[in-house]
Amino acid sequence: MKILFIRPPRSQNGPPGQALGLLDLGACLERDGHHVRILDLIQKPEITIREFIRTEMDGVPDVVGFSCLTVNAAESKKLADEARALGVKTIIAGGIHYSVYPEKALEYADYVFLGEAEISLANAMRDGFPEEKIIPSIHLDNLDDIPEPSDILLKDVYEPLTDGMAMVMTSRGCPFSCSFCLDSKYRSRKIRRYSPARIAQKLHRLNDLFHPRLIFIVDDIFTTDREGVIKCCDEIDRLGKLPPMSFHHHVKFGDVALFKRMRRSGFFSSGVGMESGNDQILKATGKSITTDDIRKSVRELKKARIEVLGFFLLGLPGETKETLRETLNFAKELNVRCSFHFAIPYPGSRLHEQAQELGSLTTDNFAFYSIESPIFIPEGTTEEELLAMMEEARKVERCLRKRQQRKIAFYRFINPLVRLYKKLRGR
Ligand code: B12
Ligand code: SF4
């Protein structure tokens, strides 16, 4: 069968990233002999479905599938009408937003798939779609069961690379349950990984095909399995040099020795969810970290020369003008690059369930649910206060970024001199 997956566009700007879920689904269907293509309208908003089918597909697809987060769900109904008008018989939908609101998808789709859908979709395509319109998820236990996608599918997703960055996911699942993140009802808490050899092969294949400037490992937390990470570094080294790599880190994991090992294999930067500089607010998120845990982990990452990008959320429940200021001061104290965003009550998160009780909402239009706008206003503060604090936070961001740039420039200048000095002394 011919299947076209579509990632609908979003109305607000922001980094598009790559449609990794669709790539995994597509690879599983290709293995079963289906002809699959992906039209990513976030990356390529100028292309129409008609145009893509005409130029890239051999006839009208039998099935069109929409993949939606909360921010881009609104567009899919119109696109589904367009696909039906072209003669598409079956429309399906999936993705995080529809795992929370499956009935919304059924306003235009014939079937909606909940959660991870590699197995459930492959079953439906092989055995026929079931009577039931809402199709439950079946979790994969072993990610190595996902086959490698064809070059053409990889090109649909990765070409052209925005800012030269290629995203890769090497594991699924997170053991924590932060109030602002997707609830474990909608995603697995059990962590499943690709084998180290497979991860290294995946990274090298991407490097050979697309020559990225940077590879971003987007796992919820890359560092949970110390031994696994070391094996992964060994495999990466065995296959040869890769571009610099960045990863998501949780401050309860890792140590200097591990970070140094990672640094040697090209992991140069880590994104760390720090969220707040106030311990009560941190505790209420359920992230199971304190400001001291953050301080310790940042010290260790710095010792290993891994750059840190701290992510903070402004406007979490319990926030006041004082706690907001504590967060800005904490970021300055850590002296690492930082990025501040508003805490958004995304459907599927505990914060979404509690939002009305713990504060108020500025809009219920999901298209605006972007971390760049204050949507949730906690009881102890106001929208004006949040916006003013964000303006200050942007200044802190800029100042910390400049400091880091100066530091990097200094080391770039000094390191060759130190190496030369050591070499001369050694002689
Ligand atoms: C990497 C990442 C990013 C990257 C890349 C985004 C991307 N790939 O689209 C960047 C940094 C750019 C990013 C940005 C944003 N992100 Co983000 N991101 C993630 C992260 C960590 C991984 C996404 C991923 O690749 N998952 C792996 C794949 C395998 O899973 P999947 O995509 O869900 O696909 C599976 C199923 O959903 C299903 N499926 C998916 N589509 C379809 C379609 C059909 C037809 C079927 C049958 C099944 C199906 O099958 C797939 C395979 O099992 C997730 C958290 C997470 N662990 O998922 C957050 C997450 C998706 N992001 C989130 C958010 C909010 C955003 C932003 C809106 C933030 C902002 N700027 O305001 C933007 C939106 C960007 C956009 N795409 O428009 C939320 C979404 C919540 C929601 N209710 O929508 C998440 C869940 C994090 C959270 N807070 O809980 N993000
Ligand atoms: S924010 Fe990070 S640590 Fe918390 S539940 Fe989400 S992925 Fe896990």
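The model is predicted. The cut-off for exposed is 12 or fewer.

I stayed with histidine 211. Its phi is positive, about 45°, although the residue is not a glycine. I placed histidine 211 in the loop between α8 (196-210) and β10 (214-217). For context, most residues other than glycine have a negative phi, and most peptide bonds are trans.

I then turned to asparagine 335. This residue is not a glycine either, yet has a positive phi of about 60°. I found asparagine 335 in the loop between α13 (321-334) and β14 (337-342). It has 14 C-beta neighbours inside 10 Å, so I log asparagine 335 as partly exposed.

Next I checked a peptide bond. The one from glutamate 159 to proline 160 is cis, with omega near -5°. Proline 160 sits in the loop between α7 (151-158) and β7 (165-168).

**Entry: domains**

I took the domain assignment of the chain: domain 1 covers 2-135 and domain 2 covers 161-421. Their centres, taken over C-alpha atoms, are separated by 29 Å. I noted 19 residues from domain 1 and 13 residues from domain 2 in the contact. On the side of domain 1 that touches domain 2, helix α4 (residues 96-100) gives the largest share, 4 residues.

I traced an open sheet of 6 strands. The order reads β2-β1-β3-β4-β5-β6, and the pairing is parallel. At the edges I found β2 (35-40) and β6 (134-135), each pairing on one side only. I looked at one pair in detail. Strand β5 (residues 111-113) and β6 are joined in the parallel sense over 2 bridges. There, valine 112 stands opposite isoleucine 134 in β6.

**Entry: helix α3**

Which residues of helix α3 (residues 76-85) are buried? I listed Ser76, Leu79, Ala80 and Ala83. Seen down the axis of α3, these buried residues fall within an arc of 105°, so they line one face of the helix. I then looked for what covers the buried residues of α3. The cover includes β1 (2-7), α2 (49-56), β3 (63-67) and β4 (90-94). On the face turned away from the buried side, I noted the exposed residues Lys78, Asp81 and Ala85. After α3 comes glycine 87, with a positive phi near 110°.

**Entry: ligand 1**

I found 42 residues around ligand 1. Gly17, Gly21, Gly65, Ser67 and Gly94 come nearest. The elements giving two or more residues to this shell are α1 (20-31), β3, β4, α4 and α6 (118-127). α1 gives the most, with 5 residues. I sorted the shell around ligand 1 by class: 24 nonpolar, 13 polar and 5 charged. Both domains take part: the shell draws at least three residues from each of domain 1 and domain 2.

**Entry: ligand 2**

What surrounds ligand 2? I wrote down Cys174, Phe176, Ser177, Cys178, Cys181, Asp220, His250, Gly273 and Lys287. I sorted the shell around ligand 2 into 4 nonpolar, 3 polar and 2 charged residues.

Terms used: Residues are numbered from 1 along each chain as its sequence is written. Chains are lettered from A and ligands numbered from 1 in the order in which they are written. This is a predicted model: local features need pLDDT of at least 70, side-chain atom pairs count only at pLDDT 80 or more; totals for chains, interfaces and linings use all residues. A residue is buried if 20 or more other C-beta atoms lie within 10 Å of its own, exposed if 12 or fewer, and partly exposed in between; C-beta atoms are placed from the backbone. The arc is that of the directions from the helix axis to the C-beta atoms. Two residues are in contact if their C-beta atoms, placed from the backbone, lie within 7 Å. A residue is near a molecule or strand if its C-beta atom, placed from the backbone, lies within 6 Å of it. Ala, Val, Leu, Ile, Met, Phe, Trp, Tyr, Cys and Pro count as nonpolar, Asp, Glu, Lys and Arg as charged, and the others, Gly among them, as polar. Two strands pair if DSSP finds at least two bridges between them. Domain bounds come from an automatic or database domain assignment.
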